[in-house]
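The following dialogue examines one protein model through questions and answers. Please view the sequence and the structure before reading on.

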Amino acid sequence: MSLISAEKEILAVNGGTSVRKTLLPYGRQAIDECDIQAVVDVLRSDWLTTGPKVREFEEAFAEWVGSKYAISFSSGTAALHGAAFAAGLKAGDEAITSPLTFAATANCILYQGATPVFADVSRDTLNIDPAECARRITPRTKAILPVDYAGHPADLKAISELADSQDLIVIEDACHALGAEYRGRKVGSISHMTVFSFHPVKHLTTGEGGMVTTDNPQFAETLRRFRNHGISSEARDRQSTGQWYYEMTLLGFNYRLTDIACALGTQQLQKLESNLERRREIAARYNAEFANMSGVLTPQVLDGIRPAWHLYPLRLQLERLSAGREEIFRALRAENIGVNVHYIPVHLHPYYRDRFGYGEGAFPVAEKAYERLISLPMFHGMRDEDVEDVVRAVKKVIKAFCF
Ligand SMILES: *Cc1c(COP(=O)(O)O)cnc(C)c1O
């Protein structure tokens, strides 16, 4: 036996002892007694939905990110739909987005009857490449939807300059990036509209929930109507002013977020800063362990950026490994590390292939990244022992496959 293989531990996938006894998820919520109490208080109050807690959460959120308005929605996906509507997307229009995202980013364009046009990502951050965006602009293009992948803001300066020069609306999908900073500004205060999600794996949770931030009063008003059937005033305002009359002015949906959820959101917001700090600590620990390790590449952070670290996407150096992503993924899972993959490029999903005729090779940078990506567990409730388990498991598995 060679010295190298003698050092290798037996992987759990081959019958060895797993690094952990129980599965560590890649993300999860943290709920404390204040959160629980806030929800209970709402349950005992007069308003379960569209009451005072909604406004309270929206105002606190807008202040936190530094936007004029924040409009809550029942999910991040509903918020994206609202933003696509407010941007005026309709049949015949095109909107440009990243293929390396959750399907909802592109789906919201389809909800409006418009056509999603993908532009490949940059090799460094895996965010949409502004030069690729520029190449995809046609007379039909109405909007650009950059995604702040993993919590690292997209090249927002280049994108907003491009959008301004072509009269396009920027809808930033910041579902990964609550709390991220771009050249000293918080994400949520930069693009025409910015969309957030409050799913339990995100930085702040309301169970399900979402938000759009904007400085534009017209967008804000349209978004408020859109989430409430297109109706011009809310039930509570009518009750307080003693009026019964209302008008439906556009075809909206019921995308309202409840007071129960908003009370939870306001409480969660108070812990956001410390949660972000914890995520940055975990990322720093991973970086310190993996940056100089053969077989993997750590996420790049560009100058002037403070990422929010929704994900920690490790990239495999396949040319130095004797196994592919699948095998390494399974080996890490067997060690009870709940790794994940973000994302299957949207254009490769059967729906997009069938409807638009996409195939492999259409967006080579995103596709090549996809074959190499593994998201390590990253959430603010991780204990130091959990982080060390991930470090040990990654080293164990990568060492086993590294030349
Ligand atoms: C989570 C997420 C969404 C959708 O959010 P939901 O609240 O689950 O509807 C959209 N885009 C991206 C990039 C996301 O990560």
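Buried means under 20% relative accessible area, exposed over 50%, and partly exposed in between (1.4 Å probe, protein chains only). The model is predicted, so local features need pLDDT of at least 70 and side-chain atom pairs count only at pLDDT 80 or more, while totals for chains, interfaces and linings use all residues. Residues are numbered from 1 along each chain as its sequence is written, and side-chain values use heavy atoms, with hydrogens and water left out.

Reader: How far apart are the end C-alpha atoms of helix α15?
Author: Helices (H or I, at least four residues) and strands (E, at least two) are DSSP runs, numbered from the N terminus. The expected span of a helix is 1.5 Å times one less than its number of residues. For the 18 residues of α15, 384-401, this gives 26 Å, and the end C-alpha atoms agree, being apart by 26 Å.

Reader: Against which elements do the buried residues of α15 pack?
Author: The buried residues of α15 include Val387, Val390, Val394 and Phe401. With contact taken as heavy atoms within 4.5 Å, the buried residues of this helix pack against α11 (272-290), β10 (296-297), β12 (312-316), α12 (325-334) and β13 (373-376).

Reader: Which residue forms a salt bridge with lysine 396?
Author: A salt bridge is a side-chain nitrogen of Lys or Arg within 4 Å of a carboxyl oxygen of Asp or Glu. Lysine 396 lies in α15 and the partner in the loop between α12 and α13 (350-356), so the pair ties together parts 61 residues apart in sequence. At 2.9 Å, N to O, the partner is glutamate 335.

Reader: What separation along helix α7 do glutamate 161 and lysine 157 have?
Author: Their side chains meet in a salt bridge of 3.1 Å, N to O. Glutamate 161 is partly exposed because its relative accessibility is 45%, and lysine 157 is partly exposed at 39%. Being four residues apart in α7 (156-166), glutamate 161 and lysine 157 are separated by about one helical turn.

Reader: What percentage of the ligand's exposed area does the protein bury?
Author: An oxygen atom of the ligand is 2.5 Å from an N or O atom in the side chain of threonine 77. The corresponding distance is 2.9 Å for histidine 176 and 3.0 Å for lysine 202, where a polar contact is a pair of N or O atoms within 3.5 Å; within protein, one must be able to donate a hydrogen and the other to accept it, and residues adjacent in sequence count only if both atoms are side-chain atoms. Taken alone, the ligand exposes 380 Å² (Shrake-Rupley method, 1.4 Å probe; for residues, only the protein chains shown count as cover). The protein buries 92% of that area.

Reader: Is leucine 250 buried or exposed?
Author: Leucine 250 lies in the loop between α9 (235-241) and α10 (259-269). Leaving aside neighbours within four places in sequence, leucine 250 is in contact with residues including Phe85, Thr222 and Phe226. Its relative accessibility is 16%, so leucine 250 counts as buried.
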